[in-house]
Amino acid sequence: MKQYIQTIDWNLNKLAPVSVYADHRIAIVEGCLVEQIFAHEAIRMNALVVMLCVQGFARIQINSNVRELHTGDLLIYQPYLIVEKADHSADFKMQALLLEKEYIDRLEFLAENTWNVRVFLQDHPIVSLNADELASFRYFYTLLRDRLTGVQRKYQKEIIDALIQIFFYEFIEIIERYVQASPTPKNSATTLFQSFVKLLESEYPKPRTVAYYADKLFITPKYLSAVVKNISGGTASQLINQAVMADINFLLKRSRKSIKEIAHELGFPNLSFFGKYVKRYSGLSPKQLREQKNGNK
């Protein structure tokens, strides 16, 4: 089946022409290059974006919600969220750090379970920094930028990895003004949960049964459901349906596709089943959901 969702090829070194620095793991972009980062009508990116508004403002539509970024605000765009469009003021300037998802997953601190922080950021991707937080952010950002663009050190990779972890410890402390980060000790359950989330994010179209993911992870659906509930507070089915609805919302933004084509692309057996599914989880029919979203453009 043809995959229609448009994604950036996150070999980040392709951002080199508009970047201060870029390789396959990390990119630093500065200035007013929102359109260059979010260059398509709607994209789903496999990278973490941390963007500080230094001057002016930007307006970015993420998962159908319009977010405004003002001076001193920090945008945290998590992998696989959907950016539909972006614009900014004439005087807008920003500093952005982009990290490829596979690189994030290899960093042990960032791979640990801080699920409540992640859920918070899905609903609140922009946080305002106070003066001390802003100074701290810009200090570590500048240090990281200088190390990446300066003379290569003998232990360059280790230095960069350490700076990234320090950077995010600072970031987690900022987020704890809003929600308490509570990493779970590394054990088989948290490892399984992380594997489930990675599998759910990477599948397209997304199977809608817990049994599918349990089979892929070589466990029973009952055990997977218990682990997900214990760690996230939500059920495996809820997380699956949220992810499926994100894909549906994305595709309904593309008015050139018929609802029947979308249903087929996402693996629904027929248009009637698709309509009932959308109605159940959004309260609207696919047509109503599309009209509502197009009316919000």
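Two strands count as paired if DSSP finds at least two bridges between them, and the strands and helices themselves are DSSP runs, numbered from the N terminus (helices are H or I with at least four residues, strands E with at least two). Keep that in mind for the first stop on this tour.

**Before you click**

You are looking at a predicted model, in which local features need pLDDT of at least 70, side-chain atom pairs count only at pLDDT 80 or more, and totals for chains, interfaces and linings use all residues. Residues are numbered from 1 along each chain as its sequence is written, and side-chain values use heavy atoms, with hydrogens and water left out.

**Stop 1**

Select residues 26-31, which are strand β2, together with β1: the two pair in the antiparallel sense over 2 bridges. Now pick Ala-22 and look across to Ala-27 in β2, its bridge partner.

**Stop 2**

**Stop 2: strand β9**

Next, colour β9 by accessibility. Because 7 of its 8 residues are buried (under 20% relative accessible area, with exposed meaning over 50% and partly exposed in between, using a 1.4 Å probe and protein chains only), β9 is largely enclosed by the rest of the structure. On one pairing, 6 bridges join β9 to β2 in antiparallel fashion; click Val-29 to find its bridge partner, Ala-96 in β9. Another 8 bridges join β9 to β4, again antiparallel, and here Gln-55 stands opposite Lys-93 of β9.

**Stop 3: two helices**

Then bring back α5: the axes of α5 and α6 come within 10 Å and cross at roughly 165 degrees. That makes α5 roughly antiparallel to α6, since angles over 145 degrees count as roughly antiparallel (under 35 is roughly parallel, 65 to 115 roughly perpendicular, and the rest oblique). To see the two helices meet, display side chains including Phe-137, Phe-140 and Leu-144 in α5, and Ile-160, Leu-163 and Phe-167 among those in α6; contact means heavy atoms within 4.5 Å.

**Stop 4: two loops**

Move to the loop between α7 (188-202) and α8 (210-216), where Pro-205 lies. Zoom in on the peptide bond from Tyr-204 to Pro-205: it is cis, with omega near -10 degrees. Then go to Phe-218, in the loop between α8 and α9 (221-232). Is Phe-218 buried or exposed? At 76% relative accessibility, Phe-218 counts as exposed. Check its backbone too: Phe-218 has a positive phi of about 60 degrees although it is not a glycine.

**Last stop: zoom out**

With everything displayed, the protein has 13 helices and 10 strands. Of its 297 residues, 48% count as buried.

Technical notes: Axes are lines fitted to C-alpha atoms, for helices over the stretch in contact, and angles run from 0 to 180 degrees between N-to-C directions.
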